[in-house]
Amino acid sequence: MFQSLGTVVEHYVLIAGVIFTLGAIGFLVRRNVLVQLMSIELMLNAVNLALVAFNRAYPGNMTGQIFAFFIIAVAAAEAAVGLAIVLAFYRLKGTVMSDEGDQLKL
Amino acid sequence: MTLVGNIFFVLMAAVSLLGAIGTVASRNPIRSAVGLLVTIIGIAGLFLELKAEFMAAIQLIVYAGAVVVLFVFVVMLLGPDASKVPEGPPKGWAARALGGAAMAVFAGIASYLVLDSRPAPVPFPVVHADHGSVELVGRELFTKQLVPFELTTALLIVAVIGAIAVARAHVEKKTKARDERPAPQRFFVGPLHPRDAGHPLPKEHA
Amino acid sequence: MQALTSLFPPNDVTLLAFIVLLPLVGAFINGVFGKRLGREAVTLMGLSVIGVAFLMSLGCFLMLHEQQTGEQAARLVWKGWDWFTLDTGFSRVVLTVGFSLDALNGTMALVVTGVGFLIHLYSWKYMEEDPGYYRFFAYLNLFIFSMLVLIFGDSLPVLFVGWEGVGLCSYLLIGFWFDGEQNASAGMKAFITNRIGDFGLLVAMGLLLLSTGSLDWSGIEANRQHLLDGMQIFPNLGWLGLPNGIMVSRATLVGLALFLGCAGKSAQLPLYVWLPDAMAGPTPVSALIHAATMVTAGVYLVCRLSFVFVMSPFVMFVVAVIGAATALFAATIAFAQTDIKKVLAYSTVSQLGYMFLGVGVGAFTAGFFHVITHAFFKACLFLGAGSVIHAMHARIHDNDQSQDMRNMGGLRRYLPYTFVTFLAAWAAIVGFPLTSGFFSKDAILLEAFSSHIATEGRVITGGETLWEWPQATGTVLYAIGLLTAVMTAFYMTRLLIGIFYGDFRGWKIVQKWKEPKHEHGDHHHEHEEPGPSMKGPEPHESPWQMWVPLAILAALSLVAGFLNAHLLQIHWFDEWLEPVFKTARTAVEHKEVAEAPFLVFAVTAFAVGVGVAYWVYQVKKGEPARAFAEGSPGFYKLVRDKWRVDEFYEETFIGGVDLLAVMAVWVDKWIVDGIVARLTAFFTSLAGTVLRYTQTGRVQAYAFTMVLGMGGVGWFFFLPHAAYRRTRDDLGGKYTLTAMPGASYQYRWDENADGKWDGGFGNKTQVAFNLDPDQTKKVRLQVRNAFGLTATRDIVVHRPKPDLSGADPEALKLLEPTGAKGAPRNGQAPNAPKGAAPAPARGGQP
């Protein structure tokens, strides 16, 4: 068992799942928008890890890694736009707590 | 798998998990950013273990080099305001608590089911030496995936422009007071329709 | 002539197309490039195309004249192209764009292009100062084009194109000075009033298509016996005493619908109201369109379809009575008008009534002859009036006042040529012996007394009695006609004296002059109050471009009557048109009457009218008229206000339409806006009110619902689903069941439903089997997914008995030999509907 650590896809999927869950919980629980964005990055990284691991388990083509590559590109764009929104939000509200952005409510 | 490989895997897994916990649990955003950096490095290490050298490099360059720096930059820009908590009780705490709990429960169930369904894990097959190399990924990227790749560049440009447009400061454009605005042009004179005759336009439009 | 005939064989006279096309070219060039071309080029273009068209028409006319020998009607035909094909359900009717020329429209074409050319020439100077000079000539050329299409058209639709074209040009030219609101609304009035008539024409076209299956002249004539079929126009209402409804012959319906169109275009009761207002246009337009050519299109149409009209004595009676009534009615209005163009306009309406009286009693030649002579003398009168107005403009720069008779008088000293020509045209219209009007009117009156449409439709129906004209019709019509002749003589003499005799009253402008309608009190009093004397230039004679057409028209007014002077035993025009009306004339019955008394009556009518007017306006200087007006001011005002027909229409028809509009607004406001819009809006806002409580604006709340949704999706994937798809072939009896795929699903089947599985879990996704009719089979399916969970489903497949209830017995016989089991197992029955082919049917899901 010990010998086979890191040689089966389940180990990586487990790690990815835990990181993803941590990111999701972080996004759900934290109200600091910056931390929420970082949590999103965590989730994206977890997915990347799973994709690359499956690509290692089924190495017929490179689709998994290519997919992860595109996710990285999209995540970079997302981070840029998200942080710009955070800055605008901060200018408007003077804080980066997401529960302050509730002007649309009743 | 050698002992070194095992130790490397355990190390990297632990690093990334600890980093993730640090990211989520830190009160100070700058510590969260550092935790994110640690996670990213750990995952890059796991990529190496998975024979995805190109992805590992990209991971480090893009995430550690660009995204995390961007986060740190914003946190620095905001300074102490980045973690300032506004007065009064936090809003929506019930939804947050419920959401977090539900996520944890679902994740637990899903992990159990996934692990339970495959009693005999299948080890990784032996792969070609250049699996995950720059050559192979690059060939794939510039032949089969060329259109998505080019679209990605367009996406990045759009994102940059959008980020500039959103984050730019609008200092000089203060909206004028309501009374200073010119009255809208009236295109028609007189009642256009019998049913409008009883409803003349407001005074400032006349 | 030989060369012309050999160049254009009678069955393909391309020349006709050229005649029609030339004015269109002129209209296009003048309209599009006229502004840059300059006045000289526009004049040259406008005049030359009409002149050449006139010469070509003359050529065609001579060709026609050469070919027409005796009784046989000659026709020149040009077939253009197939326009469209109508499928009436009974037959396919190909509508050809084609022109044809016979004696009737050949004569008309000469008048249109000839008088048209003279009026173009006249307009050269009359419109010289106008900034819209090129526009005017473009419109005028376009009008000539449309009018030629109208009269050359070989079928009703082609005629209708021209009919609408002249209506459009009339609208454009009435509102030529469109910056005046009065002019613009006069144009609209003409257009809208004509729409009512056009509706009748369209209905007539439909009925003709239904009855005769044809729309060209020869086709209608060939199949016209179908027009005698009855048609029910009113439902069976026993309690009204109408157990069979009301039946009329199709000919009556067609004739009435056609006459509605004619009444609109030719300004007959009750649709005449647009023509007097149409005088708002330039005077050459009044002369060309609203006196000489366009308004006679209705008479032309009655003549053209005379063989349809005579099939219904009732329609002919209506035409004659409406014509006579219009003649009398319009003449009364002309008594009290002071605007010289208005007097001429009502005179035109009256004379058009004369023409309809003529064609209504079956005197088509006489009626059409009056069209020709009227074109000459009325054009001359209008152009003379234009010349007078042109002269008056030297003193009075006001359209209304320069047309007012009360500002004129004694103009014969200043306008000698105009006076002489006006006098000639006056002589013609009042029926001075041996002038054209004398002969044409006399012929109409004589025939009105002596002719009527055969009461027994012996021509076509074979003895069946149709509607019968009342006994006294001829006498009454004659009396009305004669009375109208007296009145015409009176008011035309009044006009002549008012313009040309006495002293010039234009030195003093009449003060406080307004449209008589709005005036209170008697304006004759105001007439005597002199305004401030206006010094200024004297009225002057018009240039040669204006009086030369006048002279030609005046000469024609005097001598044109000799084309058909029955008194002198000249019957050229009768003989010339005889072949055209040969069919129709068989339905007309004549009484033999001595002509001499009628001659005496006609001369007496002229003498009385002129004499009384001379006595009233020249000898007594209008005193008796003033005394009469003072004696009965109410009646005088009523006549001066044109019997207030316009006001009556305003209150009834236009008021009705307005009421409809108000009701539509109400419906829009309360029904559409109130119920449809507001109710929808209420429900939308209700839903919004409820749903916005879910919109807290907090990201985590949204994310929480997303997590819940994720959980739901996960639950769906966690459970296995034993779904299946069935293909059925009820006729062939083949069935297959296919289990739906899922993530790492494994399947096992129990095909005979005996509780024992056929095997272990595997990848077998499909079972196939055959069934006999009315046989039922149960199949079980079990699915296991990656988590080891299973789902089971019982599937019942039933093959129905073949439904042979509606099948062809012959086909059933064919089925017999295949055995008692019914339909053949493999393959479809001969009568199998297409829908019985194997079709997928989706199985349910848990």
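A nonpolar core is here a set of buried Ala, Val, Leu, Ile, Met, Phe, Trp, Tyr and Cys residues joined through C-beta atoms within 7 Å, where buried means that 20 or more other C-beta atoms, placed from the backbone, lie within 10 Å of the residue's own. The model is predicted, so that local features need pLDDT of at least 70 and side-chain atom pairs count only at pLDDT 80 or more, whereas totals for chains, interfaces and linings use all residues. Residues are numbered from 1 along each chain as its sequence is written, and chains are lettered from A and ligands numbered from 1 in the order in which they are written.

**View 1. The largest nonpolar core, with 219 residues.** Leu16(C), Leu148(C) and Ala379(C) touch the most other members, and helix H16 (residues 364-392) of chain C gives the largest share, 18 residues; helices are DSSP runs of H or I with at least four residues, numbered from the N terminus. A second, separate core of 81 residues includes Ala16(A) and Met62(A).

**View 2. Helices H4 (residues 103-126) and H16 of chain C.** Their axes, lines fitted to C-alpha atoms over the stretch in contact, come within 11 Å and cross at roughly 5°. H4(C) and H16(C) are therefore roughly parallel, a term for angles under 35 degrees between N-to-C directions, on a scale from 0 to 180 degrees.

**View 3. The contact of chain C with chain B.** In this view, 17 residues of chain C are in contact (C-beta atoms, placed from the backbone, within 7 Å) with 14 residues of chain B. On the side of chain C, H29(C) gives the most, with ten residues.

Technical notes
Buried ≥ 20, exposed ≤ 12 C-beta atoms within 10 Å, placed from the backbone. Helix = DSSP H or I, 4+ residues; strand = E, 2+ residues; numbered from the N terminus. Parallel < 35°, antiparallel > 145°, perpendicular 65-115°, else oblique. Contact = placed C-beta atoms within 7 Å.
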